[in-house]
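Reader: I have a structure to study. Can you take me through it step by step?

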Amino acid sequence: MQLFEHFPLKDRHTFHIDAFARYWADFDSVEALRSVLKDPRFATLPKLAVGGGSNLLFTGNYEGLLLHSTIQDLEFIPDGASMVRVRAGSGLCWDDLVEATVRRGWCGLENLSGIPGNVGASPVQNVGAYGAEAKDCIVSVEAMDVHTLEMHTLSNADCRFGYRDSRFKKEWKDRFIICYVTFSLSKEFKPNIRYGELTRHLEEQGGVTLEGVRQVILNTRAAKLPDPEVLGNAGSFFMNPEIPNEQWERLRTRYPDMPHWLLENGRVKVSAAWCIDKAGWKGKRLGNAAVHDKQALVLVNVGGATAGEVTALCEQIVQEVEGMFGIRLKPEVLFI
Ligand code: EPU
């Protein structure tokens with residue numbers, strides 16, 4: 001375990017905005033986490049787990065203890081003839097896990113290639129892309145209760161996963177620190193290529209292979225999404241909103257080309273990127289914060305942006321989109 005005081009966060013979150021944490025602790029095992037949490041110095045301080053910082057915006061200094069997992073264990077457990085379970089430490093880089101499983105020919109995580117962040121964050125916001133979500137493969141999550149210091153194994157059903165959502169974002173937010181996530185993967189390749197753009201690229205490429213899907217996804221992401229090491233950002237800044245069917249029926253008469261997806265619950269999911277784009281915000285800049293010019297859902301730090309600038313840009317977009325479409329966008333990024 002390593003503990004730091006007055007810890008600079010600039011390189012610990014992908015927006016790369018200046019801020020400090022009162023305390024930062026790296027823990028590389030369940031025991032190390034337990035010993036930090038037992039320390040009386042931190043008893044009354046707020047605590048928060050951070051992974052790769054790819055979904056966070058620090059709006060000021062953090063006057064508490066940030067807990068950063070560096071648990072790197074990776075265990076493969078046979079599960080019958082056609083399946084395998086992978087138990088991964090929360091501190092592993094997400095894409096290293098995806099790469100390791102694809103290399104072994106195991107299917108399930110390939111559509112989630114190239115997502116920044118660590119394994120421990122994957123169940124929190126149920127990361128998703130190109131027609132797949134982490135919940136499709138998560139079997140269970142092992143997490144420590146910060147009050148009792150006991151480990152709990154939470155099943156997929158316990159976590160109540162939804163679109164970019166789980167109980168870890170709600171009532172479990174201040175309770176559990178994730179240490180391991182177990183995934184169930186298939187040794188047989190069952191491609192999930194319903195996502196329009198993916199199908200097109202794979203057709204151009206010829207046959208569909210597991211490695212091929214990963215490569216197409218890495219290329220697609222690289223073409224649209226800015227590399228946070230070059231241009232600070234936190235991926236999609238907003239969630240795609242779900243609206244009632246009646247509202248969609250009214251909107252479609254005015255905007256028939258608005259991308260949309262009919263949901264099982266009768267509601268309609270619409271594209272936040274398209275709304276922001278249509279409202280004229282793509283590529284626009286406010287101080288040193290801007291809307292990315294290739295994907296309107298991504299807000300970027302063009303260099304030296306303050307959290308205030310990013311927040312102001314976010315608020316202006318929310319207001320204008322609401323004025324134009326009657327839809328209130330919700331940030332996916334967590335403001336701290
Ligand atoms: N579009 C525009 N303008 C833009 C960008 C997109 O009109 O600037 C339109 C596209 O033409 C398309 C629609 O919006 O019809 C959807 O765009 P895209 O396929 O790029 O996906 P998205 O809904 O904007 C979501 C995820 C991404 C994920 C992609 C691919 C959310 C909040 N975002 O974006 O996830 O990579 O789908 O599956 O659900 C992330 O969460 O950080 C993230 C990058």
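Author: Start with one side chain. The side chain of Thr220 reaches a backbone oxygen at 2.6 Å, and that oxygen belongs to Val216. A polar contact is a pair of N or O atoms within 3.5 Å; within protein, one must be able to donate a hydrogen and the other to accept it, and residues adjacent in sequence count only if both atoms are side-chain atoms. This is a predicted model: local features need pLDDT of at least 70, side-chain atom pairs count only at pLDDT 80 or more, and totals for chains, interfaces and linings use all residues. Residues are numbered from 1 along each chain as its sequence is written, and side-chain values use heavy atoms, without hydrogens and water.

Reader: Is Thr220 buried or exposed?

Author: Buried means under 20% relative accessible area, exposed over 50%, partly exposed in between (1.4 Å probe, protein chains only). Thr220 has a relative accessible area of 8%, so Thr220 is buried.

Reader: Which residues is Thr220 in contact with, leaving aside neighbours within four places in sequence?

Author: Contact means heavy atoms within 4.5 Å. With those neighbours left aside, the list for Thr220 is Tyr130, Glu197 and His201.

Reader: Which residues come nearest to the ligand?

Author: A residue is near a molecule if one of its heavy atoms lies within 4 Å of it. There are 24 residues around the ligand, and the nearest are Tyr130, Tyr163, Arg164, Tyr195 and Asp277.

Reader: How far is a polar side-chain atom of Tyr163 from an oxygen atom of the ligand?

Author: For a backbone N or O atom of Ser236, the distance to a ligand oxygen is 2.8 Å. For a side-chain N or O atom of Lys282, it is 2.9 Å. For Tyr163, the distance is 2.7 Å.
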